[in-house]
Amino acid sequence: MIGILLAKIKIFIRYPLTFLAMVVMSIGFALLIGGGNGNVINVPTYIADEAIHGTVVEDILNDSEAFNFETMSKDEVEDKIANGKAEIGVELYEGDFRVIVGVESPNVGLVKQTVEGAYSKKLQYEQLFAAANATTDSDKEAVKTDLEKAIADPVFSIQANNFRGSDAVIIDNRYHTLFGFTLFFVIYTIAYNVFHILEEKNNGVWDRIILSPARKWEMYVANFMYSFGTGFLQVLIIFLVFRFWVGIEFGGNFGKAILVLIPYVFSIVALSILITGIVKTVQQFNAVIPIIAVSMAMIGGAFWPLEIVSSKLMLVLSKVVPITYGMEVLNGVAIYGYSFSEILYPISILLLMGVVMTGIGIHLMEKRHV
Amino acid sequence: MLELIDLSKKFKQLYAVKNLNMFIEKGEIVGLLGPNGAGKSTAISMLSSLVDPTTGDVRFHNKSILKNPSPIRKIIGMVPQEIALYTDLSAEENLRFFGRIYRLKGAELKQKIDEILELIGLTDRRKDIVKKFSGGMKRRLNIGVALLHNPELIIMDEPTVGIDPQSRNYILETVKRLNEEKQMTVIYTSHYMEEVEFLCDRIYIMDQGNLIASGTKDEIKRILSAEKTIVIKADRLNDIFIESLRQDPTISSVTVEEKKVTIIVPKEINIFPAVLKLAEEAKLELNSVDIKTPTLEDVFLHLTGRALRD
Ligand SMILES: Nc1ncnc2c1ncn2[C@@H]1O[C@H](COP(=O)(O)OP(=O)(O)OP(=O)(O)O)[C@@H](O)[C@H]1O
Ligand SMILES: [Mg+2]
């Protein structure tokens with residue numbers, strides 16, 4: 001089995017072009033379509049009270065990944081809203097804020113929630129400062145540092161994320177396109193690698209191996225491992241490029257985002273085995289793969305967020321497509337900051353799909369050969 | 001050594017092989033001859049335990065291989081009809097890969113690889129990627145890989161299709177040498193009569209799943225002893241002539257090729273005057289009329305009314 005795997009790796013290293021093309025395409029599309037700041041929603045912001053400066057409110061708003069709170073004069077804010085250049089604006093007072101709504105959209109609620117969260121945090125801090133008797137700035141800073149330490153290293157867990165409201169949805173285009181294209185293009189890499197099984201069966205390599213002391217399951221396992229490995233390598237490279245070259249933070253959960261790719265890649269290997277078990281010829285396979293990859297990406301929300309899909313049928317279909325769950329776990333980890341236990345459901349579905357499809361696929365392949 | 005008993009394989013409605021009976025003794029070269037779709041590949045897949053028969057049995061040293069295929073698998077060297085190699089790897093890497101699959105290691109493996117490269121004449125191309133090989137070189141390597149573990153029985157499924165005459169001769173000579181020097185038993189399938197005539201001691205002829213003849217070369221040719229084959233050549237063959245040949249009750253088979261008609265008639269009949277007369281009536285100018293010594297091709301023609309390769 002190791003021998004089979006090594007032979008495949010040798011071939012992979014000798015002919016890396018298709019693989020590299022897929023990596024470059026994923027990165028290219030994600031950059032091109034999700035690129036720039038234009039996709040972060042601009043929220044014109046008027047600071048009515050200078051006292052806001054230097055408070056936690058300003059920090060939180062500046063840190064928002066979904067919205068760009070751009071400070072300007074009151075007139076400018078009203079102008080932008082009136083001219084339809086922005087959907088919403090905010091005015092910040094010392095202890096209160098006002099949201100100016102130009103167009104009703106889900107974003108209004110989210111902006112409100114974000115700003116509200118910032119103010120409640122501010123209030124919380126002020127009460128803490130009062131309790132700790134911190135009057136000077138340096139005292140306050142010290143309390144704040146202590147507090148942050150305590151939050152980062154909780155003795156008991158604090159629900160610190162404002163975005164967690166049950167129907168709150170964040171659509172961050174940068175993440176969305178990155179995840180979408182990564183999950184989409186890796187289907188090709190995996191599928192074509194799995195497909196080698198069919199070629200090897202047709203040209204007699206499998207017959208040779210079946211007659212040899214090596215066992216058939218070793219062929220399956222080696223092929224599975226190889227396809228999984230190349231698929232995972234591809235998504236890993238893409239994420240690394242975006243993390244360290246483009247500078248995307250993955251919500252501070254980079255390691256987790258990598259880990260949750262494992263069940264997705266697994267399910268796609270399984271799907272490819274299933275397809276390989278069904279198709280009969282190379283031509284059929286070449287015709288079917290793009291159709292399946294593209295339609296899955298559309299149904300599963302890789303190209304556009306499922307949140308904007310209203311067709312009931314599409315939403316039902318999305319439940320059987322691995323990409324849906326792949327997007328769900330990635331968004332969950334990187335944008336919503338979910339813990340593993342909170343994304344256990346989509347992860348389990350991916351693993352279950354993987355096991356079932358591998359089983360059926362191998363069964364079909366075995367049946368056809370005899 | 002090996003016996004096929006009433007072996008059949010059915011794919012949906014189609015019998016790829018029907019009631020096939022065969023035997024192979026140690027040290028023989030047995031030919032399995034038949035046109036496309038005759039069922040040759042299916043037959044050898046069954047006898048090598050790769051495909052389960054629908055009905056019938058395969059016995060190796062008198063024990064069925066259906067329940068326990070490992071004894072036969074141990075002695076088989078299989079040369080599949082397709083190029084069953086990793087074409088992205090070099091000749092040597094392929095041999096090493098399949099050698100390892102057969103649990104060969106270290107010096108033993110190395111020596112075996114050298115020996116086989118020598119045998120198939122690819123020593124100086126050992127480092128080259130198989131994809132860049134000519135058809136003949138690929139075929140030779142396809143055979144070489146099957147010899148790594150010193151098989152007692154080597155099964156070759158059309159090992160010479162689509163290659164140049166030199167490579168073809170090289171392969172035929174190699175097979176003969178393996179049989180003579182190493183006493184390897186060989187099952188050789190082909191749709192080339194000449195190859196089978198050159199190599200094989202005994203021959204089985206299949207067509208459309210059925211065994212239509214079997215025996216030694218001479219036995220098979222004797223099928224034709226009651227008949228003779230006559231080849232008529234003419235530059236401008238016409239339909240009237242061919243039609244009248246077909247109408248003639250003494251002629252049992254008429255096969256038309258470009259500028260050539262082959263007919264089969266009973267031995268005792270002198271057909272020359274009749275042919276000349278028909279040609280005259282059809283206003284046809286003949287180039288030659290010859291009696292041919294029968295070949296396996298003629299046997300096939302006789303048995304099926306079709307040429308082997310059409
Ligand atoms: N797996 C299969 N499923 C369905 N039909 C098959 C299968 N394998 C072979 N057949 C059919 O069985 C018949 C015999 O095929 P087989 O490959 O044994 O012929 P062959 O003598 O080897 O021909 P060739 O000279 O073209 O290799 C053909 O009609 C073929 O279409
Ligand atoms: Mg065949």
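1. B:Ser41 reaches ligand 1 through its side chain: a polar atom there lies 2.6 Å from an oxygen atom of the ligand. Keep in mind that this is a predicted model. In B:Asn36, an N or O atom of the side chain is 3.0 Å from a ligand oxygen. In B:Ala38, a polar backbone atom is 3.2 Å from an oxygen of ligand 1.

2. How much of ligand 1 does the protein cover?

3. The shell around ligand 1 holds 13 residues. B:Lys40, B:Ser41, B:Thr42, B:Gln81 and B:Glu158 are the closest. Sorted by class, six residues are polar, five nonpolar and two charged. In chain B, β2 (14-24) and α1 (40-47) each give at least two shell residues. The largest share, three residues, is from α1(B).

4. Now the interface. Chain A brings 26 residues to the contact and chain B brings 31 residues. Together they bury about 2400 Å², with 64% of it on carbon and sulfur atoms.

5. Which residues form the salt bridge? A:Arg14 pairs with B:Glu93, and their closest N and O atoms are 2.7 Å apart.

6. On the chain A side, α1 (2-14), α7 (173-203), α8 (205-211) and α9 (216-246) each supply at least two of the residues that touch chain B. The largest share is seven residues, from α1(A). By class, this side has 12 nonpolar, eight charged and six polar residues.

Key. Residues numbered from 1 in each chain as written. Chains lettered and ligands numbered in written order. Predicted model: local features only at pLDDT ≥ 70, side-chain atom pairs only at ≥ 80, totals over all residues. Heavy atoms only, no water. Near = heavy atom within 4 Å. Polar contact = N/O pair within 3.5 Å; in protein donor to acceptor, adjacent residues only side chain to side chain. Helix = DSSP H or I, 4+ residues; strand = E, 2+ residues; numbered from the N terminus. Nonpolar A, V, L, I, M, F, W, Y, C, P; charged D, E, K, R; others polar. Contact = heavy atoms within 4.5 Å. Buried area = accessible area lost by both parts, 1.4 Å probe. Salt bridge = Lys/Arg side-chain N within 4 Å of Asp/Glu carboxyl O.
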